[in-house]
Amino acid sequence: MFLNPETLTQTESRTSNSVDRIRTLVEPLVQELGLELWDLVLSGDPSSSARLSIFVERADGTVDLADCAVLSKKLSVILDVEDPIAGAFHLEVSSPGLGRTLRTNEHFERFIGSRVKIRLSEPVDGRRNVVGVLESVHGDEITMDTEDGSSITFQQQQIRRANLVVDISFTGKR
């Protein structure tokens with residue numbers, strides 16, 4: 001979910017502040033290990049058991065289990081010492097995956113020409129769900145060519161969720 005600072009509730013604002021603090025702790029370690037931070041998601045109820053999901057990859061788009069394990073161990077130590085999350089939490093470190101979530105301008109720009117599925121917070125041109133090819137990103141404005149051949153443009157803050165569409169087709173012998 002995209003957080004617009006102008007419309008955050010107190011709980012969302014606290015979560016946003018926690019995520020910002022966690023990001024400042026996580027990014028240097030991620031870079032030290034030769035990885036890039038794709039995304040960081042703090043979910044669940046911090047008063048019971050939150051989940052901190054860290055998504056990383058190398059510049060070439062790869063990451064392996066050993067990378068994730070090393071990062072997880074090092075992050076556990078830092079997060080235990082700095083204690084940026086009130087209460088217990090579960091730490092997950094993984095790749096962003098093939099159907100990765102797109103959140104930032106850099107994410108959208110990197111995948112221009114790729115198929116994406118977007119859920120908008122409110123309809124644009126009568127559509128709330130859009131599947132198509134990402135055509136351009138200009139500042140906060142995103143344009144897609146949809147599956148029905150039309151074009152749609154919307155602002156990044158109108159996006160509720162955006163993911164790459166994975167097209168896996170089997171063409172070998174069975």
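The model is predicted, so local features need pLDDT of at least 70 and side-chain atom pairs count only at pLDDT 80 or more, while totals for chains, interfaces and linings use all residues. Residues are numbered from 1 along each chain as its sequence is written, and side-chain values use heavy atoms, leaving out hydrogens and water.

Val 166 lies in the segment after β8 (159-164); helices (H or I, at least four residues) and strands (E, at least two) are DSSP runs, numbered from the N terminus.

Next, select β1, β2 and β3. These three strands form an open sheet in the order β1-β2-β3, with mixed pairing; two strands pair if DSSP finds at least two bridges between them. β1 (36-43) and β3 (89-94) are at the edges, each with a single partner strand, so one side of each has no neighbour in the sheet.

Now look at β2 (residues 50-57), which runs parallel to β3 and is joined to β3 by six bridges. Within this pair, Ser 53 stands opposite Glu 92 in β3.

Move on to the loop between α2 and β3 and select Ala 86. Ala 86 is exposed, with a relative accessible area of 59%.

Technical notes:
Buried means under 20% relative accessible area, exposed over 50%, partly exposed in between (1.4 Å probe, protein chains only).
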